[in-house]
Amino acid sequence: MNIVETKVCVLGLGYIGLPTASLLGTKGFEVQGVDIDPSIVKTINEGNIHIHEPDLDILVKSAVQSGRLKAAAEPGEADVFILTVPTPLKENREPDLSYVEAAVLSITPYLKPGNIVILESTCPVGTTLEVVVTFLQESHYEVGRDIYVAYCPERVLPGRILIELVENDRIVGGINEASTDKAIEFYKSFVRGEVLATDATTAELAKLSENTFRDVNIALANELSMVAHQEGVNIWELLRLANRHPRVNILQPGPGVGGHCIAVDPWFIVARSQEQARLIRTAREVNDYKPYWVIERVKASANKFKRPVIGCLGLAFKADVGDLRESPALEIVKQLQAERVGELLISEPNLQTYDAFELKPPEFVIAKSDIVLVLVDHKQFRSLKAQDLHEKILIDTRGIFQ
Ligand code: SAJ
């Protein structure tokens with residue numbers, strides 16, 4: 001593939017689209033990034049970013065300054081179209097594919113023979129064939145012969161996106177062999193990991209299976225943490241011991257599961273396979289219940305004080321990020337506030353400010369609190385000393401003081 005002569009149009013400049021577009025720009029592709037939000041387009045064209053991700057600011061600046069990345073409100077002609085638009089859940093936990101549909105429709109006027117259309121958004125099984133191909137058939141081209149189509153799930157971990165975009169193995173599932181071959185050629189031009197060929201449907205289910213594996217394993221850890229608490233057993237010691245078995249690897253319990261992937265994607269399986277996906281649904285329910293179990297523990301401790309001061313360490317959905325999407329920590333703090341369980345002191349070192357609460361340094365929060373509630377295992381909290389917690393009630397959902 002001749003990188004310098006290849007034009008790529010990336011639709012949706014969020015957590016996956018923007019890192020992908022800027023990486024491709026710095027590799028030498030001519031990239032047009034498209035977003036429906038004019039403020040995002042403006043920010044990127046000024047060489048700035050609207051999301052938190054290590055080193056992304058440097059990459060975007062460099063791609064924009066070199067002229068290889070331009071943002072726009074509308075797509076244009078390109079050789080490769082990459083769809084990285086959101087696929088949220090509706091209120092009823094059915095997938096909302098309207099962004100995928102709109103993105104596919106928006107590129108049809110610009111298609112030419114030989115183009116590759118790649119869907120990267122996490123989607124329910126069947127989306128590539130039932131939505132992308134069906135909508136592309138509206139164009140006068142033959143899909144699979146004139147226009148190649150593949151599903152290639154993103155697998156990058158927030159906090160390590162730029163490294164994992166290049167290093168991770170990729171799964172490429174075309175709608176036919178020609179599509180798979182074309183998409184593989186494209187990914188091999190910038191991915192150092194292995195690029196693995198399959199069909200679109202297998203690739204879709206593989207992506208959902210990866211995040212579901214993690215959700216089910218974390219649900220087991222969360223369930224065991226509640227069982228251990230009831231039995232008076234220290235969960236962290238229990239897991240340390242059980243995980244010394246050569247074939248056991250239980251993940252870590254926490255206050256619940258957050259982020260925009262693991263707490264969402266298993267529902268895509270459940271939505272289509274209600275009868276088969278019973279374990280997957282239950283795991284989701286266990287993880288969704290965990291924040292309420294934590295709240296009950298806080299309330300039980302708060303009852304021991306006349307005017308309890310509760311120090312909450314962390315708001316983000318996981319360690320060392322400032323990302324609040326679907327964060328169980330934020331949900332717990334908001335609920336404690338709504339129920340007026342006590343005076344809340346909150347620390348979130350990865351955010352400068354947060355609208356709803358005043359943020360304080362962790363040392364201050366600990367010193368002034370009766371109850372210390374650890375919600376996120378940020379490095380700033382891991383370095384705190386256990387002796388500062390002397391005579392305080394500790395509810396450590398992440399096990400950093402064990
Ligand atoms: N969590 C636990 N216990 C653990 C591990 C995680 O409670 O032992 C919690 C975290 O605190 C967080 C949530 O799970 O609230 C999710 O965090 P994560 O680090 O497991 O995953 P994400 O959501 O940041 O990214 C995942 C990754 N998927 C897998 O590891 C299988 C990433 O590779 C995917 O690309 C991403 O989802 C995605 O976009 O789908």
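Trainee: Is leucine 129 buried or exposed, or in between?
Mentor: Leucine 129 counts as partly exposed, because its relative accessibility is 40%. Buried means under 20% relative accessible area, exposed over 50%, and partly exposed in between (1.4 Å probe, protein chains only).

Trainee: Before I go on, what am I looking at?
Mentor: This is a predicted model, where local features need pLDDT of at least 70, side-chain atom pairs count only at pLDDT 80 or more, and totals for chains, interfaces and linings use all residues. Residues are numbered from 1 along each chain as its sequence is written, and side-chain values use heavy atoms, with hydrogens and water left out.

Trainee: OK, and which residues does leucine 129 touch?
Mentor: Leaving aside residues up to four places away in sequence, Thr134, Ile175 and Thr201. Contact means heavy atoms within 4.5 Å.

Trainee: New topic: what order do the strands of the sheet come in?
Mentor: The sheet is open, with eight strands in the order 3-2-1-4-5-6-7-8 and mixed pairing. Strands (E, at least two residues) are DSSP runs, numbered from the N terminus, and two of them pair if DSSP finds at least two bridges between them.

Trainee: Which strands stand at the edges?
Mentor: Strand 3 (69-72) and strand 8 (195-199); each has a single partner strand, so one side of each lacks a neighbour in the sheet.

Trainee: How many bridges join strand 7 and strand 8?
Mentor: Five, and strand 7 (residues 170-174) runs parallel to strand 8. Arginine 170 has valine 195 as its bridge partner, while glycine 173 stands opposite threonine 198.

Note on methods: Helices (H or I, at least four residues) and strands (E, at least two) are DSSP runs, numbered from the N terminus.
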